[in-house]
Amino acid sequence: GQGPYLCSMDPFLKRFPKSFPVILILGGMLMNKLVRKMAVLALGGTLSLLLTACPGPSSAGTGGNQVTVQLQDPQGQHMATYYRVGSGSWQQLSFQNNQATFSAQGTVDYEIATRCRGGGNVADLQFFKASTARSRQVNVVCSHGQGTQRVSVTFNVRLPAQLGGVSVQDGEVVGGHGADSSVSSLSATVTAQLPQGQQQALVALFRIGNQGLQPIGGKLVSVNATNGATVTVDTQGWAAMSAKTISATLPGGFQGQGFVVFFKDGMKDAPFVGAYFPNQPGFDRYGVLSGAGGVYLGNFMAKDSGYNNQLMVLKDTGGNDWTVSLPQPWTSSQCSPSGASFTFSYPNAQAFTLDLNGLAEEQGTGSPLRVSVLVYAAGSSTTYTLPNLGSQLGYTFRTGTSVSYTVGATLRGVDSPIFSTFLGSSELTLSEALLRNLDLAFALMRGNYNVP
């Protein structure tokens, strides 16, 4: 079974691979039910939608005179991949053991084009462009494996009478990795879905009510997660949580929500430890577990009323008060589509993503083909034209039609290993080192245009 993932109306977010855990999107998607109910009140909608991933190409690494292309395709959906260096001719790549290389001397632009059979959430046509100064490694995904197996684990929890100077009361909430239970007589039973295997898990205690969300304390527990396993959590070893604030200033007409999740080496999953809902008093804090170390990863998303603009931040808070630094929304003039060409002028962007529906179709059958693009920024204005590789990859561009698109600008974090991974890798091994100092920021816009 798959773990929980963010559901968004936006194709950009579907790029996150199946193994990309809740920790890096919105850890609160499976937060305890009381918080979820508050979220519904605050935002006027449910936050419990889930999806699996739909990645396009991604990139990582520099150095040498070759570009390496790694193919992920356990289901055999790859049809062909072509590349070109500079303005040279397009050449077909031949993969051996899911890897191929080509020469790219010095600092030069190169492009990669891939056709997959599609299906599920994988784009049929995937395009990539970068300079060798930025990246010499590209991941292409045409299908996914089985992903992480999750199993049901029950925690039988006994709580101390006091925790961090706070008397534990009936009705408080014990949360653990996407599940929760109310306290009764200093006891609670929580059944969570955890990745299979040996790991540490966090069992945390919260007070939720008219005063908002108050983190009280928690305990790290060693778990060998097998389906149906039972874990006894006794009164020893609990630590207090100190409350840290979350604050954000939203653009006019935007609504938003944020969460903070906790990860420590030895864990396989990251539990919710706090939330921010601007319309719900007291939901502006998260808990830092005393003496635990680890990483506290903030996740914040804002949208306008029509979901046409979305803003997203992933940030290592350092266990401190977190003031969210949101990017500015796109304006319509900053993305200029014309047929199969696109000009992006979002200021200070590091890279652009593009998802298209309605432009490409399969030769012969006329079946629609989904398109995904990743192109690194080239100065204050970046123009990208989809290559015409119809004879090689079996597609054609439609005319006399309307095309819907989602364009994304990456403002911070393009050199992070996470950015290199989330668009293309299916298996991401989490670590504190990987998440430490993480700061990613994205701005997304949906739109439509007509092709004569």
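## Basis of the description

Two strands are said to pair if DSSP finds at least two bridges between them; strands (E, at least two residues) are DSSP runs numbered from the N terminus. This is a predicted model, in which local features need pLDDT of at least 70 and side-chain atom pairs count only at pLDDT 80 or more, while totals for chains, interfaces and linings use all residues. Residues are numbered from 1 along each chain as its sequence is written, and side-chain values use heavy atoms, with hydrogens and water left out.

## Strands β2 and β5

Strand β2 (residues 66-72) pairs with β5 in the antiparallel sense, over five bridges. Within this pairing, Thr68 stands opposite Thr101 of β5.

The side chains of β5 (residues 99-103) alternate. Ala100 and Phe102 point to one face and are buried, buried meaning under 20% relative accessible area with a 1.4 Å probe, protein chains only.

Val203 is found in strand β15 (residues 197-209) and counts as buried because its relative accessibility is 2%. Beyond its neighbours within four places in sequence, its contacts (heavy atoms within 4.5 Å) include Phe155, Val174, Val233 and Trp238. Val221, another contact of Val203, is 18 residues away in sequence, with a C-alpha to C-alpha separation of 7.4 Å.

## Nonpolar cores

A nonpolar core is a set of buried Ala, Val, Leu, Ile, Met, Phe, Trp, Tyr and Cys residues joined through side-chain atoms within 4.5 Å. The largest has 109 residues, of which Phe127, Trp330, Phe344, Leu356 and Leu386 touch the most other members. Strand β32 (residues 439-451) gives the most to this core, with eight residues. Another core, of 26 residues, lies apart from it and includes Leu159, Leu163, Val190 and Leu205.

Terms used: Buried < 20%, exposed > 50% of the residue type's maximum accessible area, 1.4 Å probe, protein only. Helix = DSSP H or I, 4+ residues; strand = E, 2+ residues; numbered from the N terminus.
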